[in-house]
Amino acid sequence: MGALMPLALTAQTIDTSVEAQTPDRHWYKISVLTRAMGDSVMVRWAPDEFVPWKYLNGYGYEVVRVCREQDFRIDTLATNVHPISRREFMSRFAANDSLAAAAVQLIFGKGTSLDQTQSAPGTAGSILEVREEQQTLYSFAMLIAEMRPDIAQAMGLMFIDRTAQSGVTYDYIVNPLVPDSILPVQGGIHFDVKNTPYIPDSYTTEITDSVIAPNNVQIYWPHDKHTVYDIERRDNGTGSWRVLNERPYLPSQVNPALEADLNVYNDEGLAIGTYEYRLRAYDAFGLRSNPSAVHRVEVRDLVPPAIPVLDRIEIERPGNAVIARIIWHKDSLEADFEGFAPLYYHEQVTLGQWLPLTDTLLSPTDTMCVVNVTGLSTGTIAIAAYDTAHNVAMSVPMPIRISDVKAPETPQNFRALVSPTGLVSLRWSPSPDKDVRQYEIYKANALDHQFIRITPVDLRDTLYFDTININLNQRYVYYKVKASDWSGNDSQMSEAIAVPIPDFTPPMTCRVDSVSMDDEAIRIWWIGSNEATVKQHRLLRKLKGEDHWTLIATIDADSLQDNTFYMEDRPPYEQDRRYYYAVETISHMGASSGLSMQQSFLFRGPQVFEVPIKLYAGYEQRDGSVRLGWDVGQIPIDADYYYCIYRKAKGKEGFRYVTSAAKDEPTYFDYTIRPGETAEYYVKIKFRDGRETSRSNTAIVTIPEKK
């Protein structure tokens with residue numbers, strides 16, 4: 001299916017005066033393609049990117065036809081061509097039509113806004129994220145329009161001219177209806193469209209194939225202007241052709257192992273035999289070509305026999321000879337199974353090849369053989385099973401100890417360096433053993449996981465490079481090394497070394513689970529990120545109006561369960577000022593999540609403080625007054641205050657405020673008590689900001705009667 005490419009426009013069809021007056025202004029373009037059918041002409045168009053497409057979905061298009069053969073007659077075929085409504089989509093297309101549903105979402109759905117991106121709002125990264133998403137949506141919309149002409153018409157990207165006369169030549173123009181002052185868009189034109197019956201061409205391409213697995217064929221063909229295809233297959237020269245794809249086939253990502261830029265189709269579940277393949281390609285109007293040339297593929301028997309199991313090797317040394325008794329078993333014998341062969345391997349002796357130890361295949365029913373291995377070095381032996389198609393299955397090799405049985409020493413000084421891109425440089429000291437054949441590196445994602453060998457055979461260097469995925473949600477990868485000699489003896493594994501994953505991606509921010517506050521403290525329950533790369537959470541606090549945050553606690557991520565943690569803060573009292581709290585999450589590589597959403601509290605703190613106040617009271621006979629004095633203990637807050645004196649007189653209910661005293665005058669004289677009366681007193685401290693202390697003890701004074 002051909003992609004719509006921008007077409008050159010001429011001054012005869014498009015007025016370029018506005019563009020000429022504003023040469024620095026970017027003008028968008030509309031590309032137009034046509035397909036003459038003889039009784040009609042199909043007109044397809046597309047803006048060159050997301051922005052004009054989105055605008056023109058609302059403003060619409062105008063389709064104009066020019067006939068030069070009729071004195072340049074101009075006919076306006078359609079005005080205000082735009083996508084049909086969501087309701088019309090639902091009534092026109094089936095509910096299970098996935099492409100129609102996708103078109104509705106692309107046209108009427110809302111994309112990511114600048115304040116919803118992963119990058120900070122307003123930054124270049126935020127704008128690029130939105131731009132990339134918009135272009136992806138636009139590409140999918142144009143792809144659907146190419147795959148389905150009925151949906152293209154519903155999307156306002158196609159018009160069928162059913163009034164075109166057969167054999168007449170026309171020019172077709174598609175004009176945008178958006179004003180230039182709002183969005184400058186040039187119309188598109190397709191010249192010299194002669195309305196003759198459409199005859200599909202044969203699809204010209206070169207098909208190649210690869211039998212990549214038993215009963216599994218991949219066919220390849222070069223990328224070209226088409227987008228979707230039909231793949232057809234039949235038995236060799238017989239039967240009818242069958243379309244293998246349920247809907248037009250859109251090739252997925254090309255196999256990166258292939259050198260050429262090829263489309264790929266995988267055909268599975270084939271029986272042994274010969275098959276023929278051919279292709280049909282769809283054009284930009286959803287019309288299918290005639291088939292391509294036929295390509296023939298032979299599917300052979302590639303299924304090897306079931307793997308035999310080598311049970312044990314018994315060595316006997318009669319005289320100067322060395323005899324090996326090899327015992328194995330095989331649970332199933334296939335119909336095409338032909339026999340066994342014992343194979344011997346030693347790199348220096350067999351030059352990298354497996355050497356048969358018998359001249360002919362052993363019987364399919366054999367489970368044991370005796371071979372003379374005199375003169376061979378310590379190596380490995382395997383049992384191979386062959387079928388009549390020459391497929392082979394080998395058992396797991398087993399070492400045969402003919403001479404050397406001493407294992408080399410474990411490699412020492414194993415160490416690693418990792419780059420920010422994930423390239424790991426592994427080094428170790430050479431083994432002192434002279435017969436070391438190779439070193440083997442093993443890797444695991446955790447110490448309790450199975451370590452998997454990652455090095456090739458015959459690694460003789462003491463340096464190896466590995467690449468780790470820096471996007472893994474874990475903190476370390478682990479490596480071990482061992483050495484093996486030419487006789488197949490393996491050293492012990494080295495101690496595992498932990499290599500930190502250099503992930504500089506900022507971790508996710510914390511969020512609040514619940515909050516509470518009373519006069520004593522502010523309490524917040526936080527939910528942190530579950531990413532393995534998180535090292536710590538930093539709890540921060542500041543007062544409203546302050547520029548800088550204060551670190552009040554650091555939480556080690558490894559100490560948490562379920563990634564939740566609790567904060568209880570008793571901040572200093574600040575009258576009518578709010579406290580703000582936030583959390584910053586730090587990864588092991590030092591990357592910061594930034595501050596979480598801030599939580600604010602108007603914290604009043606304790607309003608009453610327990611302060612020891614000892615009140616003394618007595619009668620002054622010389623002037624008939626009651627004298628009060630008091631001692632005050634340590635005051636826990638730094639705030640201005642004064643003393644308040646309360647009195648309960650005889651016959652009165654409750655204590656009443658009498659007066660106040662300055663903080664440096666802890667005394668009071670009461671002259672209002674008459675002889676014979678009794679009064680009770682207590683004192684407490686009041687602070688200028690409204691807080692107060694508990695009251696003192698109660699002092700009782702009785703004025704004597706006059707004689």
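This is a predicted model: local features need pLDDT of at least 70, side-chain atom pairs count only at pLDDT 80 or more; totals for chains, interfaces and linings use all residues.
Close-up 1. Leaving aside neighbours within four places in sequence, R234 touches G239, S240, W241, Y275 and E276. One of these partners, E276, also makes a polar contact with R234. That polar contact joins the two side chains and spans 2.7 Å. R234 itself sits in strand 11, which covers residues 229-235. Is R234 buried or partly exposed? R234 counts as partly exposed, because its relative accessibility is 21% and buried means under 20%. Now look along the chain to Y277. R234 and Y277 are 43 residues apart in sequence. Their C-alpha atoms are separated by 6.8 Å.

**Close-up 2. T585 and its surroundings.** T585 belongs to strand 36, residues 579-587. Its relative accessible area is 0%, so T585 is buried. Which residues are in contact with T585, leaving aside its neighbours within four places in sequence? They are P507, M508, C510, V534, Q536, H537, A591, S592, S593 and G594. The side chains of T585 and H537 make a polar contact of 3.1 Å.

**Close-up 3. Helix 5 and what covers it.** Helix 5 runs over residues 124-147 and has 24 residues. From its first C-alpha to its last, helix 5 reaches 35 Å. That is close to the 34 Å expected at 1.5 Å a residue. Several residues of helix 5 are buried, among them S126, V130 and Y138. The stretch A141, M142, L143, I144, A145, E146 and M147 is buried as well. What covers the buried residues of helix 5? The cover includes strand 2 (41-47) and helix 2 (50-59). It also includes helix 4 (98-108) and helix 6 (149-154).

**Close-up 4. Helix 4 packed with helix 5.** Two packed helices are described by the angle between their axes and the distance between the axes. For helix 4 and helix 5, the angle is about 145 degrees. Their axes lie 10 Å apart. The crossing of helix 4 and helix 5 is left-handed. Helix 4 contributes L99, A102, A103 and L106 to the contact. Helix 5 contributes L137, F140, A141, I144 and M147. How many residues of this contact are nonpolar, polar and charged? The contact of helix 4 with helix 5 has 9 nonpolar residues, no polar ones and no charged ones. A141, I144 and M147 link this view to the previous one: they take part in the contact with helix 4, and they are among the buried residues of helix 5.

Technical notes
Residues are numbered from 1 along each chain as its sequence is written. Side-chain values use heavy atoms; hydrogens and water are left out. Helices (H or I, at least four residues) and strands (E, at least two) are DSSP runs, numbered from the N terminus. Buried means under 20% relative accessible area, exposed over 50%, partly exposed in between (1.4 Å probe, protein chains only). A polar contact is a pair of N or O atoms within 3.5 Å; within protein, one must be able to donate a hydrogen and the other to accept it, and residues adjacent in sequence count only if both atoms are side-chain atoms. Contact means heavy atoms within 4.5 Å. The expected span of a helix is 1.5 Å times one less than its number of residues. Axes are lines fitted to C-alpha atoms, for helices over the stretch in contact, and angles run from 0 to 180 degrees between N-to-C directions. A crossing is left-handed if the near helix is turned anticlockwise from the far one by less than a right angle, and right-handed if clockwise. Ala, Val, Leu, Ile, Met, Phe, Trp, Tyr, Cys and Pro count as nonpolar, Asp, Glu, Lys and Arg as charged, and the others, Gly among them, as polar.
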